[in-house]
Amino acid sequence: MSSRDPFQSFTWHSDIFSCQSNDISSFYARLEEQASRLGLQARKLGDAGPHPLELYQSPAQKADQPSILISAGFHGEEAAGPWGLLYFLNELEPDLFGQINLSLLPLVNPTGFKRGHRFNKLGQNPNRGFVLENGRGRSNQDTSSEGEILLAHSQLLAAASKDGILTCHEDVLLTDTYIYSFEANQHPGQFSRELRDALGHYFPIAQDGLIDDCPVNDGIIFNHFDLSFEAFLVRLGASVGVCSETPGQQSFDQRILANAAIIKRFVELTLAKR
């Protein structure tokens with residue numbers, strides 16, 4: 001399997017949104033429109049280059065409701081994640097917030113997104129360097145500037161993801177789909193299989209073998225603890241975690257719909273556990 005070039009530019013056109021995949025102005029304008037419609041509360045965590053890194057949360061969060069965090073846009077060439085999250089918001093009705101506490105990191109790496117590059121403008125990978133030591137997050141030599149911001153708010157993000165973390169990624173090299181999943185089991189359970197199948201409705205599921213040196217079985221890489229953001233939050237206490245991987249060699253709009261679908265299913269499965 002060939003390696004990714006972190007500075008190769010990937011852009012696509014979306015007929016759904018009538019813009020290019022890296023049209024960051026359009027993305028932020030549409031996100032603000034949906035945040036206003038839904039009453040989402042924006043909290044600025046820091047600055048990612050010239051852009052704010054913001055956490056959006058549903059209003060009037062309640063202690064007796066499950067809390068989940070959905071994040072996207074860690075890698076700039078994986079644009080269907082942020083746009084899929086936006087599509088999900090377009091379809092969302094605010095009465096859902098009476099059942100679940102929803103937190104969103106819609107676009108973690110805006111400088112990479114704008115260029116269509118995997119890494120940020122400093123050449124850093126925003127999904128590495130999340131170290132947990134003595135119950136607290138700390139950085140290492142691989143931590144990006146965005147990662148430093150997220151680590152500084154690790155307790156806030158731990159509370160937001162206590163019932164689950166979903167991170168929307170893409171694999172630009174593939175035509176098949178797969179997920180990374182984390183459960184407190186020896187083997188993937190129904191939760192993992194149903195989220196895999198949410199993507200399998202749109203794309204072929206990856207065959208058994210190795211992807212990025214990780215064993216994939218039935219389209220699932222299970223309990224692979226590295227120094228990624230999602231693995232960090234599971235270590236910090238999130239009850240379950242998923243990193244979705246839609247295939248960058250497929251239609252961009254189909255990938256947008258698939259990302260929206262797995263977000264919706266993640267919410268539904270969380271509510272079903274109540």
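A: Let us begin with a term: a charge sits over a ring if NZ of Lys or CZ of Arg is within 6 Å of the ring centre and within 35 degrees of the ring normal. Arg-255 meets this rule, lying over the face of Trp-12 at 4.1 Å from the ring centre. Lys-273 is placed over the face of Phe-191, 5.3 Å from the ring centre.

A word on the source: this is a predicted model, in which local features need pLDDT of at least 70 and side-chain atom pairs count only at pLDDT 80 or more, while totals for chains, interfaces and linings use all residues. Residues are numbered from 1 along each chain as its sequence is written, and side-chain values use heavy atoms, with hydrogens and water left out.

Rings also meet one another. Rings of Phe, Tyr and Trp (its six-membered ring) pair if their centres lie within 6.5 Å, and the count here comes to 14 aromatic pairs. Such pairs join Phe-17, Phe-27, Tyr-28, Trp-83 and Phe-113 into a cluster.

Now for the helices, which are DSSP runs of H or I with at least four residues, while strands are runs of E with at least two, both numbered from the N terminus. Helix 2 (residues 80-91) packs against helix 8 (residues 252-272) at an angle of about 60°, with the axes 7 Å apart; axes are lines fitted to C-alpha atoms, for helices over the stretch in contact, and angles run from 0 to 180 degrees between N-to-C directions. The two helices are therefore oblique to each other, a word for angles left over once those under 35 degrees (roughly parallel), over 145 (roughly antiparallel) and 65 to 115 (roughly perpendicular) are set aside.

Next come the cysteines. There are 0 disulfides in the structure, a disulfide being a pair of cysteine sulfur atoms within 2.5 Å. For Cys-19, the nearest cysteine sulfur is that of Cys-168, 17 Å away. Cys-19 is buried at 6% relative accessible area (buried is under 20%, exposed over 50%, partly exposed in between, with a 1.4 Å probe and protein chains only). Cys-214 is buried too, at 4%, and its sulfur is 10 Å from the closest one, in Cys-243, so the gap is too far for a bond.

Finally, the loops. Phe-203 sits between helix 6 (190-200) and strand 11 (209-211), and is buried at 4% relative accessibility. Ala-60, between strand 4 (51-57) and strand 5 (67-72), is exposed at 58%, and its phi is positive, near 50°.

Notes: Phe/Tyr/Trp six-rings, centres within 6.5 Å; stacked < 30°, edge-to-face > 60°.
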